[in-house]
Amino acid sequence: MSWLYRIAGRFPRLVIARRNISRAKIRSILAAASILIGVVAIGAIGAGGAAFKQSQLQNIQDQGATNVFVSPGFDKETSYFDREDLKAIDETVGPAGVVATKSGDMELVTRGDSREGVSVTYIDDPRQVQSVERGQIPVNWRQSVVVSKGFADEYDLTLDDRVLLVSETETDSGPVETEHTYRVVAVLAESQSFGTSDVYLPIEEAENRRYSQVRVTTSSTTRAEAVAEALRDRFNDRKDELLVFELTSLVRLFKTIVNGINTFLAGLGSISLLVAGVSITNTMLMAVIKRREEIGVLRAVGYEKGDIVRILLLEAALLGMLGSAVGVAIAIVVALVANAVFLGNPFAFTQSAVLYLVGAAAFGILTSLLAGVYPAWRAANERPIEALRG
Amino acid sequence: MAPDISVPADAEQADRDRTDTESQTATDADVVIRGENVIKEYQTGTQTVRALKGIDFGIRPSDFVAIVGPSGSGKSTLLNLLGLLDVPTEGTVRLRGTDVSTFSDSDRTTKRKHTIGFIFQSFYLIPTLTALENVEMPRMLDKTPVKTRERATDLLQRVGLGDRLDHYPDELSGGQKQRVAIARSLINDPAILLADEPTGNLDRDTGDQILALFDELRAEEDVAVVTVTHDSYVADRADRVVNLVDGDVKNDGEPASGEGDHS
């Protein structure tokens, strides 16, 4: 007597259930397939959606969701920030972020003596925003300029080159141009961040100038949110002194929308699982009716109602497991593809993707079990002799 | 042997039978199952159908009792009660002296498993199981696969199918199937075999073999055989014949041996 036989003998109900399932192969496969479809629907939509959400979030993050942009508010007397305003903002932000101002109205005098508009950012230390690729930023970098790699390539600049920048200031007697010469001390590494600029100047250079916008760069979206909150608290208590705009609010909105869509789609998937449950009930009822006599015999020879119920529930659960296993396998393949497409790495499963996959399988098995309850109950309560005498 | 099936056609008769019962007290010890004034009613819609109208019965080891009667006469109901598949509405059914109505459903199932073996007209073997597995089936939940296999093999050899262990029901003749069914019914050493038209689907020769097997089992294992049959040929071989008509026993005891004590 083989060891397999002995082991199988320890789980008789499972053996019986498994054998029953393989008796009506086509019917069992169809029932399992209906569960499979539901599980794939939930798992693939859930995991794929999670990958999509993750990739879009990353995009937004890359686009500078860690930045907070501040402009003069409607109630501010002037339509610009001066040095005092900058100080106040800097104080409010504190160590949470780096304040930088932006002025887009400078012009670069190129070697061909033509002028091109460039966006210039005044900042305490550019390294807080981006890393340096070449050169070094001295502690006191007055008269120095730090440029982006793209800018350096475009205008063929290397370290220690001189750059002539022209700024225009509005005065009572009309616009006045000022020329500044700066030495390139560093070239920054490439970055795709939105809100970075090509030319960085020391914040001291911004003295006595007017700024249309202040950017606060932080290290995380949560910090950005906190900074925005602090600024609103301080300046916009009664009046709207500042217009504070942070991408985190967009992120939040996006998350809400994607989660909503995902839940809705997974909900549709659950409906297909519900249909699968009905199909399992139908299959089991047919099996129970077809095996009426056999179940009668089992009852007659000493199988208890509970045994019959357990055998039939096991059958239903096995159908569910079969459908769920194949379904999850397919959903994982779909998720792998989605991960590869959206996140660039097939194995970059997010936590919620894994939860969706596990949940889909669990839901599939649970649905099958529930679907088996009525047929099992019905079979167990059949009177054996009636079943056997027709 | 004293026949135990008697019928009170009315109350007076029931009183007379009670004395009859008392006279048998000495032998009660070995009665496997005894029914007294058994009434069974069914609710069908708003109507109450009285399927058994107060009958007495008793089965002893190695009895061979045939129950005959037209359809609707209460044979199924009696079989249900004898097989511990149901309890009477009134009266008592005692299994070895214990009132079965005191058993829970689960208790009854356990007692049934160890006391009663069932044999059916249509055999009801499970088509996907071999002869051997079919015989093992009642004991599968006991989780003693090795012991069960030995016992099942013995039984199949006993009924003359030692060379057909691994055959599926499809590959067996009617008589062979019924012998597998008999082996199955014997796997738990029952005291009573309940056979519902055991030869109904078999030709006369094969039927004879089955009846001979019953005789053998009664002689060697003291198993009582209670059979429901339409076949007078089977009834003729029984020790006692119970003729059920409309839930009453009409003429009890016309045994082939010609010995009846009914009032």
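Let me start in chain B, where strand S1 (residues 33-44) and strand S4 (residues 90-95) pair in the antiparallel sense over 5 bridges. Strands pair if DSSP finds at least two bridges between them; strands (E, at least two residues) and helices (H or I, at least four) are DSSP runs, numbered from the N terminus.

This is a predicted model: local features need pLDDT of at least 70, side-chain atom pairs count only at pLDDT 80 or more, and totals for chains, interfaces and linings use all residues. Residues are numbered from 1 along each chain as its sequence is written, while chains are lettered from A and ligands numbered from 1 in the order in which they are written.

Back to that pair of strands. B:Ile39 has B:Glu90 in S4(B) as its bridge partner. Helix H2 of chain B, residues 75-82, packs on the sheet and touches S1, S2 and S4 of chain B, and its direction makes about 125° with that of S1(B). Contact here means C-beta atoms, placed from the backbone, within 7 Å.

The sheet itself is open, with 4 strands of chain B in the order S2-S1-S4-S5 and antiparallel pairing. Why is one side of strand S2 (47-59) and of strand S5 (98-99) of chain B left without a neighbour in the sheet? Both stand at the edges, each with a single partner strand, so one side has no neighbour there.

Chain B also has an open sheet of 6 strands, ordered S6-S7-S8-S3-S9-S10, and its pairing is mixed. At its edges are strand S6 (116-120) and strand S10 (248-249) of chain B; each has a single partner strand, so each has one side without a neighbour in the sheet. S10(B) runs antiparallel to strand S9 (residues 240-245) of chain B, joined by 2 bridges. There, B:Asp248 of S10(B) is the bridge partner of B:Val245.

Now chain A. Strand S1 (residues 67-72) of chain A is joined by 4 bridges to strand S9 (residues 213-218) of chain A, and the two run antiparallel. A:Val70 stands opposite A:Val214 in S9(A). S1(A) also pairs in the antiparallel sense with strand S10 (residues 242-246) of chain A, over 5 bridges. In that pairing, A:Val68 has A:Glu246 in S10(A) as its bridge partner.

Next, a helix pair in chain A. The axes of helix H4 (residues 83-93) and helix H6 (residues 221-235) of chain A come within 9 Å and cross at roughly 125°. H4(A) is therefore oblique to H6(A). On the H4(A) side the contact is made by A:Ile89, A:Thr92 and A:Val93, and on the H6(A) side by A:Val227, A:Ala230, A:Leu231 and A:Arg234. By class, these residues are 5 nonpolar, 1 polar and 1 charged.

Some of chain A carries a record. An unreviewed UniProt entry annotates residues 28-52, 264-289, 309-342 and 354-377 of chain A as "transmembrane region". Residues 28-52 of chain A are 100% helix and 0% strand, with end C-alpha atoms 35 Å apart. Residues 309-342 of chain A are likewise 100% helix and 0% strand, and their end C-alpha atoms lie 46 Å apart.

Note on methods:
Two residues are in contact if their C-beta atoms, placed from the backbone, lie within 7 Å. Axes are lines fitted to C-alpha atoms, for helices over the stretch in contact, and angles run from 0 to 180 degrees between N-to-C directions. Angles under 35 degrees count as roughly parallel, over 145 as roughly antiparallel, 65 to 115 as roughly perpendicular and the rest as oblique. Ala, Val, Leu, Ile, Met, Phe, Trp, Tyr, Cys and Pro count as nonpolar, Asp, Glu, Lys and Arg as charged, and the others, Gly among them, as polar. UniProt positions are given in the numbering used here, feature names are shortened, and annotations may be inferred rather than shown by experiment.
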